[in-house]
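Biologist: I would like to learn how to read strand pairing and chain interfaces in a model. Please show me the structure and take me through the features one at a time.

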There are 4 protein chains.
Amino acid sequence: MAGSTYGTIFKITTWGESHGAAIGVVIDGCPAGLPLSEERIQPFLDRRRPGQSAYSTPRKESDTVRILSGVFEGKSTGAPISMLIENTSQRSHDYTQIASCYRPGHADFTFDEKYGFRDYRGGGRSSGRETIGRVAAGAVAILLLKEMGISFHTFTRALGPVTLTDEAFDPSLLGETPTGIPNQTLNLEAEAFLKQCMENKDSAGGIVECHVNGLPAGLGDPVFEKLDANLAKALVSVGAVKAFEIGEGIHAARLTGSQNNDGFMLQEGKITKRTNHSGGTLGGISDGSPVVLRAYIKPTPSIFSSQETVTCNQEEITINIKGRHDPVIVPRAIVVVEAMAAITILDALLLNMTAKLDSIIDFYSKK
Amino acid sequence: MAGSTYGTIFKITTWGESHGAAIGVVIDGCPAGLPLSEERIQPFLDRRRPGQSAYSTPRKESDTVRILSGVFEGKSTGAPISMLIENTSQRSHDYTQIASCYRPGHADFTFDEKYGFRDYRGGGRSSGRETIGRVAAGAVAILLLKEMGISFHTFTRALGPVTLTDEAFDPSLLGETPTGIPNQTLNLEAEAFLKQCMENKDSAGGIVECHVNGLPAGLGDPVFEKLDANLAKALVSVGAVKAFEIGEGIHAARLTGSQNNDGFMLQEGKITKRTNHSGGTLGGISDGSPVVLRAYIKPTPSIFSSQETVTCNQEEITINIKGRHDPVIVPRAIVVVEAMAAITILDALLLNMTAKLDSIIDFYSKK
Amino acid sequence: MAGSTYGTIFKITTWGESHGAAIGVVIDGCPAGLPLSEERIQPFLDRRRPGQSAYSTPRKESDTVRILSGVFEGKSTGAPISMLIENTSQRSHDYTQIASCYRPGHADFTFDEKYGFRDYRGGGRSSGRETIGRVAAGAVAILLLKEMGISFHTFTRALGPVTLTDEAFDPSLLGETPTGIPNQTLNLEAEAFLKQCMENKDSAGGIVECHVNGLPAGLGDPVFEKLDANLAKALVSVGAVKAFEIGEGIHAARLTGSQNNDGFMLQEGKITKRTNHSGGTLGGISDGSPVVLRAYIKPTPSIFSSQETVTCNQEEITINIKGRHDPVIVPRAIVVVEAMAAITILDALLLNMTAKLDSIIDFYSKK
Amino acid sequence: MAGSTYGTIFKITTWGESHGAAIGVVIDGCPAGLPLSEERIQPFLDRRRPGQSAYSTPRKESDTVRILSGVFEGKSTGAPISMLIENTSQRSHDYTQIASCYRPGHADFTFDEKYGFRDYRGGGRSSGRETIGRVAAGAVAILLLKEMGISFHTFTRALGPVTLTDEAFDPSLLGETPTGIPNQTLNLEAEAFLKQCMENKDSAGGIVECHVNGLPAGLGDPVFEKLDANLAKALVSVGAVKAFEIGEGIHAARLTGSQNNDGFMLQEGKITKRTNHSGGTLGGISDGSPVVLRAYIKPTPSIFSSQETVTCNQEEITINIKGRHDPVIVPRAIVVVEAMAAITILDALLLNMTAKLDSIIDFYSKK
């Protein structure tokens with residue numbers, strides 16, 4: 001199946017393996033007229049680039065993006081935007097181990113079951129490098145949404161046992177700490193925890209939180225294409241995400257209606273909610289409040305301590321994984337979560353233009 | 001947008017409003033040859049039918065299904081299966097209140113924002129009755145999967161403050177208690193809590209858990225169409241679901257890799273996982289272990305205590321909701337969650353048949 | 001596969017068999033606010049209803065449409081519109097013949113090959129009655145497009161050997177003759193030919209032509225989703241259509257560039273084409289000229305003279321088809337062609353709203 | 001809209017402009033295990049490469065394909081296959097003319113209307129070079145279908161006034177003549193006609209015919225996804241194709257039922273049709289006979305004689321087009337038509353695997 005394509009109007013197709021020649025994405029359906037250049041995309045890729053802290057893989061990749069089509073005289077033309085990022089650090093590995101056995105927590109086994117064999121070099125298509133295409137496409141979505149007054153801020157809500165409270169949130173530290181936690185003390189705590197993990201040849205997980213501000217009411221459709229349903233798919237489609245919530249989310253299941261309902265009120269002549277337990281949607285449609293999402297990320301499966309597993313030839317063995325691996329992927333996953341949220345929201349925003357006959361008539365009569 | 005259609009191969013389209021003439025679903029893409037009749041579908045609808053306990057709306061509906069097409073001589077023909085359920089209890093309400101103001105926690109406001117107006121009778125399209133079509137289609141999916149040895153069990157994991165532990169799980173009580181909790185003591189505790197909620201003119205939420213057994217390895221695609229990503233969309237698309245998790249889910253974010261990884265082993269000559277923290281998928285592809293899902297459901301927004309809100313004419317008011325409402329939807333949501341999981345899994349199972357050239361050649365050479 | 005669903009934004013799903021309980025369609029994605037009622041839809045169904053002339057099947061069906069959802073207070077709500085037409089004249093046939101052998105020119109054989117068996121009653125899903133759902137949905141599309149100043153006229157361009165020239169076209173006779181040819185003399189000639197066909201126990205084919213007026217420039221996408229490509233699919237998806245052309249079409253293959261190119265000019269300050277050989281599109285995108293389409297329809301396969309064929313049990317036999325059959329379907333196909341063109345164009349019109357960033361910003365800033 | 005993506009299971013996305021850095025395609029959903037290499041793809045691209053005869057543009061392009069992903073150890077892995085072809089001959093043109101006015105028969109005007117501006121260099125996205133991606137993807141489809149015993153032969157049926165009769169067809173000349181007509185005398189006649197066209201500063205069109213052999217019965221779906229409907233879309237989506245027919249096609253509209261119907265018979269114990277007027281489908285489903293398609297191609301719009309048109313600033317002018325242009329595109333379109341037919345058929349073949357419950361159970365029980 002065509003599982004590397006995502007979106008209805010703003011549709012992206014990613015391609016590429018960890019140790020192949022290159023990684024890339026094609027955006028089909030980007031509206032014409034958006035100012036675009038490699039300079040505008042690169043900063044997003046730099047946010048997920050490896051080797052930026054002690055807690056990410058030491059693999060060296062510049063992850064430099066090239067735009068090959070769909071941009072002319074500095075603007076998107078409406079034609080597909082093809083972006084390519086070369087893999088430069090596919091060092092000549094010894095792939096014997098990864099080729100011959102099934103690493104716990106990885107997709108080696110399921111790829112073999114599904115496809116009969118797999119590109120085992122560095123995880124092939126199931127590598128975290130697959131997200132590069134998502135980030136490049138997400139950058140375009142974020143830039144486009146910015147033109148419409150919609151913005152994102154995304155950060156680490158928890159890393160291992162360390163959790164950021166709302167009170168401790170320091171907006172000035174967004175994107176400024178190695179762990180992605182926007183609080184100096186908690187960041188240091190999390191760093192200490194990570195160091196201990198590494199010493200233990202172990203790894204950690206955490207929670208990424210994404211806020212979307214400035215979203216108009218009306219996005220999303222009432223039944224299967226609820227905005228929150230599509231955001232759930234978007235975030236859970238990121239490797240290692242094992243749970244998704246919006247607004248109160250998990251906690252809402254324990255509240256009563258009188259605690260969880262958000263009353264409406266008037267604010268500057270505009271209808272708004274008094275609280276935002278719902279996390280920005282009602283009945284699957286954006287309600288004008290900030291959208292608040294959380295992705296729960298499992299610990300990196302590649303750990304350096306011994307693990308029990310089997311070989312492709314059905315022998316039980318103990319393995320010791322080698323190579324370059326992030327002890328935690330949460331900090332690098334922040335921009336990936338943001339990218340997926342942006343792509344999903346942009347698609348909903350474009351689709352929503354067709355909801356009302358009046359506005360359609362209006363749209364065409366103005367032309 | 002066409003938000004009432006779901007699925008790629010096994011594709012369903014639901015339609016109908018709470019107080020319209022009827023509710024229905026069309027299944028397009030059901031394989032030919034499945035034994036089908038109204039008698040086989042009805043039990044699934046009965047599981048979500050109102051009026052079966054003190055904790056569901058007293059609205060009286062028989063929810064009797066009629067199959068209008070796609071079945072011939074007791075079997076599916078491959079043509080679309082149209083199923084229709086008449087609404088019989090649309091009593092002549094006074095709709096003034098619901099028509100003129102925005103109920104907290106409901107989609108009244110967002111429908112008006114999106115479409116300019118709304119069918120306000122009983123919630124219209126955003127009513128829980130929308131799920132009838134999902135359940136009828138889900139019944140077909142469950143019946144088909146059963147022919148392939150795939151089965152489901154789904155139950156209430158938590159209701160308000162009451163939580164079922166794995167130890168307390170009593171399989172003989174599946175589907176046998178008013179709260180959906182398969183344990184007699186905990187069910188009574190939950191009932192007591194619900195009675196208190198109703199006395200307080202309040203409502204409750206909870207957690208539904210779904211297990212899928214017998215799934216072959218290989219279903220789902222590695223990137224955007226991960227099996228877990230599609231299950232997340234499926235479950236969060238059910239009204240009132242605010243969070244989704246698979247396997248360890250939320251908890252996985254707090255574990256280390258050595259705790260969370262599932263080692264492989266041989267069992268009767270077959271490769272299996274030693275544990276199932278992953279919840280039945282690896283890299284978005286089913287791994288042969290049971291799939292374990294949880295949907296977090298918010299408390300019913302319709303509560304009988306006073307709430308602050310605004311009218312459509314932008315006046316702040318206090319409302320007291322009347323009518324027939326479930327104090328908790330969790331017990332009736334069980335079969336809806338199961339239906340959505342089954343539809344999603346069946347689609348993945350059909351799509352997976354095209355993954356390998358060998359099996360395709362095999363398939364056609366046998367014909 | 002889900003082959004009974006069509007469209008991206010304005011998405012329709014048809015269902016029903018010739019001799020089943022009912023036939024229907026669900027429209028998902030109809031914009032809210034369109035005035036709709038059964039009275040507005042019925043006239044379109046009446047245009048394809050059988051029994052209206054000596055040249056259509058004497059099967060008696062009122063083909064009365066019921067709207068079951070998606071309309072409230074006389075207007076579309078944005079929710080799925082479910083329409084149902086009961087089959088009332090499924091007379092208790094002797095189906096032995098059609099059940100046991102493969103009629104030439106029909107889908108009996110291919111259904112058995114694909115699905116393993118078939119609903120043989122009256123052709124089941126492959127009957128011409130399948131088009132009822134298309135016409136009901138097309139009526140909605142035509143009514144919506146009318147609100148935007150877009151109109152259709154569709155007629156018989158040829159029937160058997162009789163061809164309408166442009167000079168002979170009499171607009172006052174559109175929809176007024178039994179053959180659908182808008183010219184009194186040619187209509188009589190065609191009627192005489194049909195009578196002869198019927199005497200010969202034979203059948204005829206012909207050409208349906210559809211003009212779309214008032215279409216704005218810009219609809220359709222440059223590569224696979226060319227407006228003409230989608231119109232080709234739409235028309236060839238109608239049973240019995242064996243060829244499609246736009247503008248000069250077939251003839252264009254014989255012209256030179258200097259003959260076929262349409263120069264541009266200014267007309268009342270607006271850029272228009274001097275001629276319309278292209279038939280209203282350039283590079284797959286509507287150019288503001290009328291869209292001109294032609295569907296080539298094969299002769300009805302059900303003829304009353306003897307034919308050579310085989311039984312399902314692989315015996316060669318001679319069959320003599322009985323029952324009620326149109327000697328030509330061209331007159332009744334007119335509204336089907338128009339419906340399919342309208343559904344396709346409406347979808348392109350809705351999709352086109354997302355082409356330019358400027359207009360998107362404009363759209364949302366006005367809200 | 002995402003108009004550069006095509007297919008449901010075997011899904012391709014093309015990108016690139018005539019004078020951009022490169023042209024490419026991503027295939028998402030190619031089954032794993034197909035032997036693939038650049039050497040196997042290149043011959044197909046060579047068939048459409050410019051500069052191979054006196055009747056194609058003298059633009060020099062090697063059109064060398066690079067596979068960037070989805071192939072490992074010489075076989076497709078199931079992951080997206082990204083193929084890239086660099087543009088090497090974007091000579092530094094003077095684009096003033098093409099940038100400032102609307103060439104007759106081209107998409108300059110409609111692109112401006114749709115997107116607000118356009119990449120005018122060499123036609124940008126609406127250039128014939130867009131078809132390179134189709135051919136690269138089509139090569140993969142053709143190679144895969146070949147593994148299943150399905151083959152194609154495609155040729156020029158007519159060029160300008162010269163038409164190949166069935167009797168004149170010489171299979172040994174398939175792909176061997178400059179005009180694509182597999183007959184030496186007729187090829188020379190067509191060459192003479194083309195030379196005259198060029199002297200007249202004019203251009204020609206023609207007809208491409210494609211035969212698909214070895215197709216099993218059962219492909220395609222009965223309503224909107226008829227195999228012929230999708231082939232119609234596929235072929236008409238190729239720039240310059242103005243009409244489509246299958247089997248008798250256009251001619252069928254003039255026949256009677258007794259002339260056009262294909263009786264069935266037994267041949268070596270297998271049910272087959274006595275004739276093939278239907279062109280290989282019945283009711284939209286392949287019937288086991290060869291599929292016979294024809295695409296009607298308009299004359300190249302770029303001609304060197306003077307033409308009347310308008311500028312983007314709305315001034316009427318006379319233009320004389322310069323540059324490198326094919327006097328006829330028919331010979332180079334042959335492989336494009338074949339590619340589109342193959343992609344469409346492969347998708348139908350994959351989708352058809354899910355039609356019958358029995359075969360699905362069979363498929364999974366064998367695993």
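Biologist: How many bridges pair strand β11 of chain C with strand β11 of chain D, and in which sense?

Modeller: Strands of a sheet pair through backbone hydrogen bonds, either parallel or antiparallel. Strands are DSSP runs of E with at least two residues, numbered from the N terminus, and two strands pair if DSSP finds at least two bridges between them. Here β11 (residues 241-246) of chain C and β11 (residues 241-246) of chain D are antiparallel, with three bridges. Ala243(C) has Glu245(D) as its bridge partner. This is a predicted model, in which local features need pLDDT of at least 70, side-chain atom pairs need 80 or more, and totals for chains, interfaces and linings use all residues. Residues are numbered from 1 along each chain as its sequence is written, chains are lettered from A in the order written, and side-chain values use heavy atoms, without hydrogens and water.

Biologist: Which strands are at the edges of the open sheet?

Modeller: The sheet has 10 strands in antiparallel pairing, in the order β9(C)-β8(C)-β10(C)-β16(C)-β11(C)-β11(D)-β16(D)-β10(D)-β8(D)-β9(D).

Biologist: How many salt bridges does the rule find across the interface of chain A and chain B?

Modeller: A salt bridge needs a side-chain nitrogen of Lys or Arg within 4 Å of a carboxyl oxygen of Asp or Glu. The rule finds two across this interface. One of them joins Lys233(A) to Glu225(B), with the closest N and O atoms 2.9 Å apart.

Technical notes: Helix = DSSP H or I, 4+ residues; strand = E, 2+ residues; numbered from the N terminus.
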